[in-house]
Amino acid sequence: MLNVPTLWTAFVVNFLALGLIWAYVMRSYPNLDSARFWTASAFMCAPAAMSALARFYFGSFLPLLAGASLMTAAICLAAMGVERFYGQKASWRLSFAVIGLTCTSIAFFFYVYDSSPLRILCYSIGQAVPMVVIARLVLDPRRGPINPGARLAGLLSVMIVTVFAVRTAGSFIGLDFNFTHSSSGQAAAVLLLIFLSMSLNFGFLLMAVDRLRNEVADLALLDDLTGVANRRHLMQRLAEECARAERSLQPFALLVIDLDGFKLINDNHGHAAGDACLQHFTLMAQTRLRPGDLLARTGGDEFCIVLPASSSREGAMIARRILQVCRDDADACAGAEVPIEVSIGVAEWTRDVAAFPDRLMALADQALYAAKKHGKNGYAVHQAGHETPSLAPDQLKAIAAHSPRQDAAAE
């Protein structure tokens with residue numbers, strides 16, 4: 001027959017080891033707030049099991065009551081960790097209420113009205129409530145695709161609640177699940193719960209790994225200095241937009257932006273000032289974009305903006321907005337502040353571009369060169385009717401250049 005004290009000892013050792021793993025994760029990834037709760041949960045399971053183990057060596061009921069309270073608190077901490085994982089506030093009030101009611105009801109059905117089945121019922125409900133919270137959060141499809149770790153955690157939570165329900169039902173029909181002594185039924189329940197609890201924590205670990213992997217993937221697509229998309233992200237987005245445009249024949253626009261005189265800013269004011277200009281321009285440009293537009297820094301002082309489902313005319317409108325906010329900001333500069341001027345090239349996807357983003361970028365680059373040739377601090381639009389994939393130099397004649405003064409007169 002399985003020995004319950006030995007199982008509780010194994011429980012203590014396993015959860016101390018699991019707590020050390022979570023402590024390492026918590027220290028290595030301080031932004032993973034949920035790891036703090038899961039670390040505390042694992043470490044709290046160890047004294048809970050030790051209290052239950054002490055019941056076999058001391059005649060007092062208090063160690064068992066303390067163990068039940070600590071174990072309930074550990075599961076509540078695990079549930080709060082899942083809440084924090086999904087960006088929700090930790091339910092401290094609910095947890096304290098569950099722990100308090102569980103402890104009080106168990107004590108009542110021992111000291112006031114002695115009933116082992118009712119004690120098991122109260123203990124099972126106290127632990128099932130946070131388990132239901134965990135299952136509800138990790139299996140909610142409204143949070144997006146359910147990753148394997150969340151699916152595992154949800155399945156195990158349901159299984160643990162099922163074990164609680166079976167143990168409670170068994171105690172009412174006369175099966176021996178009494179906490180106060182070692183029995184085959186209690187040993188089987190403890191062994192199964194140890195396995196499921198350890199597996200549940202591995203589900204949490206898989207959730208954390210998946211989250212961290214996604215964050216690393218996101219960082220690989222962001223520019224370190226400005227926080228906007230980098231060239232890799234831009235090319236991925238352009239490939240997607242080109243493929244979508246080929247299917248639907250609905251064009252989109254691309255803006256290529258270059259900061260005028262950026263080398264002089266670095267030479268005269270230092271690279272720190274140049275970095276500050278890049279960051280400031282990013283903030284200004286984002287205020288003039290629409291939801292769904294993508295701003296990317298392709299390197300140095302060069303930026304690109306992808307405008308989904310937009311024509312070159314709408315691209316020109318966005319270009320004017322960006323130029324205007326830069327002019328307004330330059331007029332407000334005083335003292336050591338460095339004004340920012342930009343040149344912008346606008347191009348529209350056509351069938352000739354097909355699924356090749358580099359062709360569209362070449363068209364927008366030619367428009368950018370035309371804008372710079374016509375005095376900088378302006379924009380130029382590549383005329384779609386004259387573009388060809390070869391992009392011969394004489395095609396610059398097919399580009400209409402606009403200066404800020406011409407825009408003001410036209411408007």
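In which strand is the place of Ser343? Ser343 belongs to strand β4, residues 342-348, where strands (E, at least two residues) and helices (H or I, at least four) are DSSP runs numbered from the N terminus.

The model is predicted, so that local features need pLDDT of at least 70 and side-chain atom pairs count only at pLDDT 80 or more, while totals for chains, interfaces and linings use all residues. Residues are numbered from 1 along each chain as its sequence is written, and side-chain values use heavy atoms, with hydrogens and water left out.

View 1. Ser343 is buried, with a relative accessible area of 0% (buried means under 20%, with a 1.4 Å probe and protein chains only). Its side chain is joined to that of Asp260 by a polar contact of 2.8 Å (a pair of N or O atoms within 3.5 Å, one able to donate a hydrogen and the other to accept it; residues adjacent in sequence count only if both atoms are side-chain atoms). A polar atom of the Ser343 side chain also lies 3.3 Å from the backbone nitrogen of Asn377.

**View 2. Leu7 in helix α1, residues 4-28.** Leu7 is buried, with a relative accessible area of 10%, and its C-alpha atom is separated by 9.4 Å from that of Ala49, 42 residues apart along the chain.

**View 3. The largest nonpolar core, of 57 residues.** Such a core is a set of buried Ala, Val, Leu, Ile, Met, Phe, Trp, Tyr and Cys residues joined through side-chain atoms within 4.5 Å. Trp8, Phe11, Trp22, Ile134 and Phe204 touch the most other members, and α7 supplies the largest share, 11 residues.

Key:
Buried < 20%, exposed > 50% of the residue type's maximum accessible area, 1.4 Å probe, protein only.
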